[in-house]
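Have the sequence and the 3D view open as you read.

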Amino acid sequence: MIDHTALSQWGEFNRRKWGCRVEHVRLQAERSEARGEFLFFFNAVERFMLPPQNPYHPSLFLATPSQKPFRINKQWHEIAGLLMDRLQQIRGPAVVHLPPELDDVRPFLWRGLKAEVKYTYCVNVPYSLDLASKAIRNKIRKAEAAGYRTEKSVNMSHAYECLVETEKRQGFSHQLSAADLELARDLMGDHAFRCYICYSKDGEPVSVNISLLLQPASAIGWIAGTKTAHLSNGVVQQVQFHEFEDLAAAGVRRFDFAGANLASVSEAKAEWGGELLPYYVIRKPGLKDVLRAGRDWLQFSSRVKP
């Protein structure tokens, strides 16, 4: 079951940080105990949105206990239908990023919505290092030999140091400050907001992973960063492996790397030996989308020889 406290507090963080309105959508079919829960976000002019640094719209489908797939399938289709009814009430286009566990998007296609497939890697926890590539294992040993250590941390200033260096090196911004990290941690608590920092033997923070537990048994990789001078020393791999061990101790059963759609990113995540899973972006077209589709069809038709 989803952690309602973590879910609502994550919504509150997004409201404060990005200035959006948050709607906690609760759906339940008639004569059924199956339900769905979703977080929707709206900008200042009430347009549907997904705030930065959110890989998915936080979503839950909770079926009734059953070993019969047809019953679970029917219940999901009922919830998906209610979800589409809610989307139809939203003014303008709406784009919903579903997490990988909601992988049956046929009800949306049957109602005329569009679906785009994307990918992420997930690993089961507890994690066996035997699943990782030889390169990963060698880098972890290299970091240990050099005296690096990783720990679960509450020091957001140290975390921010590592994020900033990654931003400078890669030419982008997380759009997050140290104060933002403190706000997220304060709202969600140290169980749902999990920060792991790798330190050099001299005590310098050199690499960070921050993950979110919006569901008790599943963690999502949120943000990460590493100082350039330590990048080749195995610190990234040490942080990740330490995180897997700590998450297992906390009762987590799955870790989602939250995206594998860029070639360079996918290659690094694939080396952990996780399962490549699709996730879907559902699009409810607005008037502009309909007009654009009509224009494209007319242009195509005019080029087709009779």
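In strand 12, the residue bridged to H97 is V281. A quick word on what you're looking at: this is a predicted model, so local features are taken only at pLDDT of at least 70 and side-chain atom pairs only at pLDDT 80 or more, while totals for chains, interfaces and linings use all residues. Residues are numbered from 1 along each chain as its sequence is written, and side-chain values use heavy atoms, with hydrogens and water left out. Helices (H or I, at least four residues) and strands (E, at least two) are DSSP runs, numbered from the N terminus.

That H97–V281 pair belongs to the contact between strand 5 and strand 12 (residues 275-284), which run antiparallel and are joined by four bridges. Two strands count as paired if DSSP finds at least two bridges between them. Now zoom out: the sheet is open, has eight strands in the order 5-12-6-11-10-9-8-7, and its pairing is mixed. Which strands stand at the edges? They are strand 5 (94-97) and strand 7 (149-152); each has a single partner strand, so one side of each is left without a neighbour in the sheet. From one strand to the next, the twist averages 30 degrees.

Y119 lies in strand 6 (residues 114-124) and, at 35% relative accessibility, counts as partly exposed. (Buried means under 20% relative accessible area, exposed over 50%, and partly exposed in between, with a 1.4 Å probe and protein chains only.)

Toward the other end of the strand order, look for helix 5 (residues 156-170), which lies across strand 8 (193-199), strand 9 (205-215) and strand 10 (218-226), running at about 65 degrees to strand 10. Axes here are lines fitted to C-alpha atoms, for helices over the stretch in contact, and angles run from 0 to 180 degrees between N-to-C directions.

Next, hop to helix 1 (residues 4-18), where you'll find R15. R15 is partly exposed at 41% relative accessibility. Leaving aside neighbours within four places in sequence, R15 is in contact (heavy atoms within 4.5 Å) with C20 and V22. R15 and F41 are 26 residues apart in sequence, yet their C-alpha atoms are 8.4 Å apart in space. Strand 1 (residues 21-28) holds E23, which counts as buried at 17% relative accessibility. Not counting residues up to four places away, E23 touches F38, L39, F40, F42 and R86.

How many salt bridges are there? The count comes to 19, taking a salt bridge as a side-chain nitrogen of Lys or Arg within 4 Å of a carboxyl oxygen of Asp or Glu. One of them links R16 to E12, with the closest N and O atoms 2.8 Å apart; these two are four residues apart in helix 1, so about one helical turn separates them. Another joins R106 and D104 at 2.9 Å, N to O, where R106 is partly exposed at 38% but D104 is buried at 14%. E151 and R149 also meet, at 2.6 Å, N to O. Then there's a network: salt bridges that share partners tie together R21, E23, E46 and R86.

Most residues other than glycine have a negative phi, and most peptide bonds are trans. The bond from V125 to P126, however, is cis, with omega near 5 degrees, and P126 is in the loop between strand 6 and helix 4 (134-145). Q53, not a glycine, has a positive phi of about 65 degrees, in the loop between strand 3 (48-49) and strand 4 (59-62). Q175 has a positive phi too, near 60 degrees, and is found in the loop between helix 5 and helix 6 (178-192).
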